[in-house]
Amino acid sequence: MKLLAKWLLSAAALLFVAHVYSGVQVADFSTALMAAFVIGLLNLIVRPMLVVLTLPVTLLTLGLFLFVINALMFWAAAWLLDDFGVRSFGA
């Protein structure tokens with residue numbers, strides 16, 4: 001039940017971000033659910049490997065490089081889904 005609530009809140013947050021910020025496009029709530037699921041999978045599988053591989057850069061930047069890794073996960077989810085889009089890496 002807790003996982004379902006977290007998934008629904010993540011989808012709602014994606015819809016809110018798309019509404020507030022023009023750099024992110026989400027077609028509807030079902031797309032937001034799929035995007036939240038894909039972002040969750042990427043954060044579960046790919047993100048830990050990237051964090052370990054970029055540990056020297058992360059330490060050098062005092063942890064700020066983790067923002068880049070988070071942006072990469074968001075951008076990768078937008079690349080995998082059709083109705084979910086991020087305009088640019090800076091977005």
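Among contacts in the protein between residues at least 6 apart in sequence, what percentage join residues at least 24 apart? After that, please zoom in on how helix 1 and helix 2 cross.

Analyst: Happy to! This is a predicted model, in which local features need pLDDT of at least 70 and side-chain atom pairs count only at pLDDT 80 or more, while totals for chains, interfaces and linings use all residues. Residues are numbered from 1 along each chain as its sequence is written, and side-chain values use heavy atoms, with hydrogens and water left out.

Your percentage is 52%, where contact means heavy atoms within 4.5 Å. For some context, the protein has four helices and two strands, in the order α-β-α-α-α-β along the sequence. Helices (H or I, at least four residues) and strands (E, at least two) are DSSP runs, numbered from the N terminus.

Now for the crossing. Helix 1 covers residues 2–20 and helix 2 covers residues 29–53; their axes come within 8 Å and cross at roughly 115°. Axes are lines fitted to C-alpha atoms, for helices over the stretch in contact, and angles run from 0 to 180 degrees between N-to-C directions. The two helices are therefore roughly perpendicular to each other, a label for angles of 65 to 115 degrees. Their crossing is right-handed, meaning that the near helix is turned clockwise from the far one by less than a right angle.

Who touches whom? On helix 1, the residues in contact include Trp 7, Leu 8 and Leu 15, and they meet residues of helix 2 including Phe 29, Leu 33, Phe 37 and Ile 39. Sorted by class, this contact has 13 nonpolar residues, one polar and no charged ones. Here Ala, Val, Leu, Ile, Met, Phe, Trp, Tyr, Cys and Pro count as nonpolar, Asp, Glu, Lys and Arg as charged, and the others, Gly among them, as polar.

An α-helix has 3.6 residues a turn, so residues three or four places apart point the same way.

Ser 22 is exposed, with a relative accessible area of 54%.

Technical notes
Parallel < 35°, antiparallel > 145°, perpendicular 65-115°, else oblique. Buried < 20%, exposed > 50% of the residue type's maximum accessible area, 1.4 Å probe, protein only.
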